[in-house]
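The sequence and structure follow.

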Amino acid sequence: MIKKINTKFAKLIKYYSLINHNLIYENEAINRYKINNNLAIKGPKGKELQQLKQTISKIKNCELKNISTNIVFSDGNPNSKIMVIGEGPGANEDLEGVPFIGKTGELLDKMLLSIGLDRDNIYITNVVNYRPPENRSPTKEEIDRYLPYLTRHIEIIDPKILILLGSSALNALIGEEKKISEIRGKWINKKIGKCSTSVIVSFHPAFLMRQPDQKAMSWIDLKMIRKKISDLKIKIEK
Ligand code: URA
């Protein structure tokens, strides 16, 4: 009996180390107080970012804006060469005005941490900057309405690596004809506005929470990002 339990346990450990247990759970708590929303607006790109935020906040005829509490513009380091794009704010993000701070954000932080990244060395935004009600995905019309702002956002940050999480980001910036499962795990050279960048599409952390068996695929994508950072000699601030 004990032998049987030990074998099972050994197999479990092997499995977790194969798919990187950091993606499943971490013993160490993540320091949420490290999130520094002001960082997104200060620094050499601060003025352009501030202007863009103001322009978005004046958006007209947008149901999302009318029912939201706060604009959710960005988080992280605007000088980073790595930009992450999610879908749209959820309830917590709407209340705090910061992207990816709920459970989904916790998983995103763990995913990033597993390849040595955090919010001091990447920059995060979403396809839409106001919360879609009931956590639905933004509609095509909403995605199209926010696309010029997202394009401008990408131009200002000018990332060398652009990480698109989930189908809204995929639809907005690559097109609607592909599914994540078909397009993930590949680098796509893309010009977005004036920015030429290497794009990778991967699973959204909210999807990974619903389908944890896909974390193994997500880990492959994360390792590709780690390799690209090294190939492009991108300096990561520690
Ligand atoms: N999901 C997203 O795509 N963005 C957030 O900011 C939070 C959850």
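## An aromatic pair in H6

Tyr-146 and Tyr-149 sit three residues apart in helix H6, which means about one helical turn separates them. An α-helix has 3.6 residues a turn, so residues three or four places apart point the same way. The two tyrosines form an edge-to-face aromatic pair, 6.0 Å centre to centre with 70° between the planes. Rings of Phe, Tyr and Trp (its six-membered ring) pair when their centres lie within 6.5 Å; planes under 30 degrees apart are stacked, over 60 edge-to-face, and the rest tilted. Tyr-146 is buried at 0% relative accessible area, and Tyr-149 is buried at 19% (buried is under 20%, exposed over 50%, partly exposed in between; 1.4 Å probe, protein chains only).

## Basis

The model is predicted: local features need pLDDT of at least 70, side-chain atom pairs count only at pLDDT 80 or more, and totals for chains, interfaces and linings use all residues. Residues are numbered from 1 along each chain as its sequence is written, and side-chain values use heavy atoms, leaving out hydrogens and water.

## Other ring contacts

The rings of Phe-203 and Phe-207 are stacked, with centres 5.0 Å apart and planes at 25°. Phe-203 counts as buried at 7% relative accessibility, whereas Phe-207 is partly exposed at 25%. The count of aromatic pairs comes to two.

Lys-228 lies over the face of Trp-187, 4.9 Å from the ring centre (the rule requires NZ of Lys or CZ of Arg within 6 Å of the ring centre and within 35 degrees of the ring normal).

Definitions and conventions: Helices (H or I, at least four residues) and strands (E, at least two) are DSSP runs, numbered from the N terminus.
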